[in-house]
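Hello,

Here is the structure we talked about handing over. Please have a look at it, then read the notes below.

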Amino acid sequence: MSAAGIPYLTAADIYASTTPAMAVTAIEDALRSGLDPKDDLVRTATGLRNGQFLLMPSEAGDSAGVKIASVAPGNPRRGLPRIQALYVLFDAATLTPRALLDGTALTTLRTPAVSFAAVRSAVSRLGHAPRILVFGAGPQGRAHVDTLRSLLGPEAVAHVTYVVRNPDRVDRSTLGSAPVIRAGAHHGAVAEADLIVCATSASTPCFDSNQAKDDCVVVAVGSHQPDAREIDSAFVGRAQVVVEDVETASRESGDIVMAIADGVITADRLVAMRDVVDGSRKLEAGRPVLFKSSGMSWEDLIIANTVLEASVRRPQGR
């Protein structure tokens with residue numbers, strides 16, 4: 001599809017052209033090639049009567065782009081997504097539009113790609129098929145599982161459990177044979193989990209971190225406001241905490257902001273994911289790892305470029 005000669009890449013186009021493993025590699029390659037998240041442009045939020053617009057601009061190499069996301073808290077009651085988005089990709093030199101992409105699908109692809117670029121080394125050193133606990137059975141929770149399967153192979157992701165507030169409302173056909181348990185009945189599952197993914201709209205911690213193993217890996221992607229968090233301060237204090245950018249996380253990520261306020265960690269203890277990906281910072285064995293994602297504009301730009309290039313190479317009709 002196209003608009004005025006500009007290709008429009010639908011959700012189907014995005015998923016058909018770009019595997020989750022390709023997206024992880026694209027994030028890693030960008031960071032190893034010199035992209036520094038601290039140079040990214042700041043996103044802005046504009047209040048509307050029924051929600052807000054989020055504008056996420058970025059520029060890197062020969063490309064620039066902006067994601068326009070709408071956040072409508074009342075939409076779930078209407079049977080509509082809470083967050084919807086479009087992405088516009090431009091040539092950086094002329095600012096000529098190159099492509100328009102389904103921003104929701106782009107976000108679903110890029111968020112777990114960033115997560116596993118950040119924690120790939122920590123997951124790999126587990127040395128066995130991880131037991132995975134996912135808080136939230138929405139698109140991001142499922143996409144994190146799909147991305148890990150794309151990276152490790154289906155046989156290496158055999159033990160997945162989802163935790164949700166209302167199991168009766170979950171479309172289990174989207175989860176395969178994975179068990180679903182109700183929030184509040186998950187403590188034993190936390191104690192057994194090697195990898196915990198938090199992809200919720202919760203504003204308070206999803207689990208009691210005293211239950212978590214000393215070598216577990218935790219990924220938290222659901223909250224991006226300074227007064228909301230999915231991870232308690234106790235876990236932030238005992239973990240090696242990896243973030244996309246120290247300044248951004250210290251300003252926007254409630255999991256980090258509140259832990260700093262509680263005195264359990266200081267900003268200089270946060271580890272920039274770029275340093276983990278390029279190997280300049282090694283994560284210690286025997287200690288838990290937490291990756292806290294803020295969701296940054298550069299990530300969308302890298303994956304939008306990857307999708308467009310893959311779509312051009314993809315044979316027509318496939």
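**Aromatic cluster**

Ring pairs link Phe-135, Phe-207 and Phe-235 into a cluster. Rings of Phe, Tyr and Trp (its six-membered ring) pair if their centres lie within 6.5 Å; planes under 30 degrees apart are stacked, over 60 edge-to-face, the rest tilted.

This is a predicted model: local features need pLDDT of at least 70, side-chain atom pairs count only at pLDDT 80 or more, and totals for chains, interfaces and linings use all residues. Residues are numbered from 1 along each chain as its sequence is written, and side-chain values use heavy atoms, with hydrogens and water left out.

The structure holds 2 aromatic pairs. Phe-135 and Phe-207 are stacked, at 5.7 Å centre to centre and 25° between the planes. Phe-135 sits in strand β8 (residues 131-135) and Phe-207 in the loop between β11 (195-198) and β12 (217-220), so this pair ties together parts 72 residues apart in sequence. Phe-207 and Phe-235 are edge-to-face: 6.5 Å centre to centre, 70° between the planes. Phe-235 belongs to helix α6 (residues 233-238), so its pair with Phe-207 ties together parts 28 residues apart in sequence. Helices (H or I, at least four residues) and strands (E, at least two) are DSSP runs, numbered from the N terminus.

Both Phe-135 and Phe-207 are buried. Phe-207 and Phe-235 are both buried too. Buried means under 20% relative accessible area (1.4 Å probe, protein chains only); exposed is over 50%, partly exposed in between. Across the chain, 51% of the 318 residues count as buried.

Best wishes
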